[in-house]
Amino acid sequence: MSKAVLWTAEDAVSATGGIVAGDWQITGISIDSRKTRPGDLFIALKGPNFDGHQFVAKAFEAGCAAALVSDGSVLPPDAPALIVDDTLDAMVRLGLAGRARSKAKIIAITGSVGKTGTKEALKYVLGEQGKTHASPASFNNHWGVPLSLATLPVDAEYGVFEIGMNHPGEITPLVQMVKPSVALITNVVGAHTEYFKDEGEIAKAKAEIFEGLDKDGAAILNRDNLHYFALARRAKELGISTIKAFGTDATADYRLFEANIVTGGSAVRARVGGRDLEYFIGCPGEHWVINSLAILACVDQLGADVVRAAQDLADVTPPAGRGARHILAINNKAGAKTGQYVLIDDAYNANPTSMMAGLKLLANEKPEGKGRRIAVLGDMRELGAEAEQMHRDLAHPLEHLGIDGVFTVGPMMALLAQELPDDRHLGHFDAAEDAISTIHAEIRDGDVVLIKGSLGIYVSKIVSALKSGHTGTAPTSN
């Protein structure tokens, strides 16, 4: 079945201005020539360390239908294109036009933790009830949001957009583009504290999401969070009258009564929008239980079917890098299988709150036979002045939760290594690639291995190596 037309040349010119070459239509948008598919509009963005104009020819080789450029000299002869003064500005305009023409019910999500997983779960449960569009991956910044809006299909019934930030003032222009009817703040905790004085400032920045919310829309907040009242007060100041809460608190509109967390997910009993529900979410962990209430709150406030959404949560699994479980074989040198272990891929990002969630998830696992619970922990980034102590402080929960062994990766995790007893610390490495062979050699039949760290420490390389069976070159641990 052929894809629906997303933009025609005439529509794109109307939205962005510029000079059009050829009469074309596109079915998708790409900003990476390596991921360009036939029918895409390739947008040649410029950044401090790259220029997409260098890859225009490769995009056409990959089958793009047209290119959006600011330098027409890079175009192949007679290539269909749209030539503008600034490609990022043109993409923003395309995103604004995409939002303006859409009649979809829109959700915007922000928070210190849980944004992407919640977005993906909402995409799934709403997608079972109508055509749903969502931000791909973590496209939540000044280029990710307009790109996500520019790819919003005209006939979408629902849209779910993730909005992130590292500094004050970054959410406001993005949410004003998205114009949601539901705004969700998953949580406010100590992430990105390098750029903020305290958590109160982080909460104030997250509250910017209300500045683009329809006054008749709904703000959905975590009732268990310390900043709930400050967030609710800010929403009221901006004229938002519908403020709904989720959590364990007795006053929450979407309230958790009980949860049984098992290896394959969590059985939940909760009150959702005035009715008692029992459901299963296919993601293990306390954080996913609470996030499931936020998901159902969004569904309810959009007017979609909450009962069906609750049933569909059973089919939701963690995205890659955010708690996805893999059962991997252990092979001898001849390639014969000698056992297996569980790998929990939580390598996308980390802060103290998400680190604790990951460790609790690991502690809840029941290794097979003589298997152990092993944590591979990389640095938590952007924590400011308290970063050193926050890393050292992980020693106590690691002991309390009964984690059997710990590998540490990165300069900050070296501080944790100093706090761990020798029988629990399995090795420290300055870089992720240095750790691969030692970790691979250490894993035994029945083990459960959690890999967790901030994006910039690249512990995802360890995940990829273990999944592929690559052992790396043996280094010497410190």
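**Stop one: T110**

Select T110, which sits in strand 10 (residues 105-110); strands (E, at least two residues) and helices (H or I, at least four) are DSSP runs numbered from the N terminus. What you're looking at is a predicted model, where local features need pLDDT of at least 70, side-chain atom pairs count only at pLDDT 80 or more, and totals for chains, interfaces and linings use all residues. Residues are numbered from 1 along each chain as its sequence is written, and side-chain values use heavy atoms, with hydrogens and water left out.

Is T110 buried or exposed? T110 is buried, because its relative accessibility is 0% (buried means under 20% relative accessible area, exposed over 50%, partly exposed in between, with a 1.4 Å probe and protein chains only). Leaving aside residues up to four places away in sequence, T110 touches K115, I163, I171, L184, I185, T186, K206 and I209 (contact means heavy atoms within 4.5 Å).

**Stop two: the largest cavity**

A cavity, on a 1 Å grid over the protein atoms alone, is a set of points where a 1.4 Å probe fits but cannot get out, and lining residues have an atom within 4 Å of a point. About 30 Å³ of space lies inside this cavity, the volume being the space filled by probe spheres set on the points, which are joined across faces, edges and corners. Strand 14 (218-222) and helix 8 (228-237) each give at least two residues to the lining.

**Stop three: cysteines**

C283 counts as buried because its relative accessibility is 0%. Now jump to C64, also buried, with a relative accessible area of 8%.

**Last stop: confidence**

Colour by pLDDT, the predictor's confidence in each residue, from 0 to 100. The protein chain has a mean of 93, and 97% of its residues reach 70 or more. Then select residues 473-478, where pLDDT stays under 50 and the model has 12 contacts beyond four places in sequence. Where pLDDT is low, the predicted coordinates should not be read in detail.

Key
On a 1 Å grid over the protein atoms alone, a cavity is a set of points where a 1.4 Å probe fits but cannot get out, and a pocket is an open set with protein on both sides within 12 Å along at least five of seven lines; lining residues have an atom within 4 Å of a point.
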